Amino acid sequence: MCHSSAVAKRAKQLWLMKSEPDVYSIDDLERDGTESWEGVRNYQARNFMRDMREGDLVLFYHSNAKPPGVAGVCRISREAYPDDTQFDRKSQYYDSKSKKDDPRWSMVDVTFIEKFAEEVSLQALKDDPALDGMRVTQKGSRLSVQPVDKKHFQRVLKMASAKTKLR
């Protein structure tokens, strides 16, 4: 039996990525168009980034905001590659144990798709029974990069009256 290229293709995955809006917000991404997502220093979050593929959609989440919540949508436009900040001694993300020939940390590029008219607050996410089990709503969930189930992603888009649709 021969393998076609269609077999090798995987379904698009869906993600949520957190950023503090005073550091980098959905407005900043809208202005910039495309930006690298660097500085992730948690191994599980890094591994999730390494699983991202070009075209995957991402809920852009404002953390450490009042209130925290989902602010918009972006997409992965470049798959994981070495995070330059790990080698920059002047960077807050510098890692003296990371080596150029075996980098510990990765980053991806994201491209702006949509800013929601109103953010969908964390409390609104927690209060919606349809989002039961969504990682970001779970107590102690601190990962800055996390997968999102399709049904949860669609529900958040609906709550936001988003223009973005899943195919």
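Modeller: Helices (H or I, at least four residues) and strands (E, at least two) are DSSP runs, numbered from the N terminus. With those terms, Pro67 is placed in the loop between strand 3 (57–62) and strand 4 (69–82). This is a predicted model, in which local features need pLDDT of at least 70, side-chain atom pairs count only at pLDDT 80 or more, and totals for chains, interfaces and linings use all residues. Residues are numbered from 1 along each chain as its sequence is written, and side-chain values use heavy atoms, with hydrogens and water left out.

Biologist: What is the peptide bond from Lys66 to Pro67, cis or trans?

Modeller: Most peptide bonds are trans, and most residues other than glycine have a negative phi. Here the bond from Lys66 to Pro67 is cis, with omega near -5°.

Biologist: Which phi does Asn64 have, positive or negative, and is Asn64 buried or exposed?

Modeller: Asn64, in the loop between strand 3 and strand 4, has a positive phi, near 50°. Buried means under 20% relative accessible area, exposed over 50%, and partly exposed in between (1.4 Å probe, protein chains only). Asn64 counts as exposed because its relative accessibility is 64%. Ser161, in the segment after helix 5 (150–159), is not a glycine either and has a positive phi of about 50°; at 62% relative accessibility, Ser161 counts as exposed.

Biologist: Why does Asp128 count as buried, and which residues does Asp128 touch?

Modeller: Asp128 counts as buried because its relative accessibility is 11%. Asp128 lies in the loop between helix 4 (122–127) and strand 6 (145–147). Contact means heavy atoms within 4.5 Å, and, not counting residues up to four places away in sequence, Asp128 touches Arg155 and Met159.

Biologist: How many aromatic pairs does the structure hold?

Modeller: A pair of aromatic rings is described by the distance of the centres and the angle of the planes. Rings of Phe, Tyr and Trp (its six-membered ring) pair if their centres lie within 6.5 Å; planes under 30 degrees apart count as stacked, over 60 as edge-to-face and the rest as tilted. The structure holds three aromatic pairs. One of them joins Trp15 and Phe48 and is tilted, with 6.0 Å centre to centre and 55° between the planes. Trp15 lies in strand 1 and Phe48 in helix 3 (residues 43–51), so this pair ties together parts that are 33 residues apart in sequence. Trp15 and Phe48 are both buried.

Biologist: Where does Arg78 lie?

Modeller: A charge sits over a ring if NZ of Lys or CZ of Arg is within 6 Å of the ring centre and within 35 degrees of the ring normal. Arg78 lies over the face of Tyr81, at 3.4 Å from the ring centre, and Arg46 lies over the face of Trp105, at 5.8 Å from the ring centre.

Biologist: How many residues line the largest pocket?

Modeller: On a 1 Å grid over the protein atoms alone, a pocket is an open set of points where a 1.4 Å probe fits, with protein on both sides within 12 Å along at least five of seven lines; lining residues have an atom within 4 Å of a point. The largest pocket is lined by 31 residues, and those nearest its centre are Lys18, Ser19, Glu20, Ser63 and Ser144. Strand 2 gives the most to this lining, with three residues.
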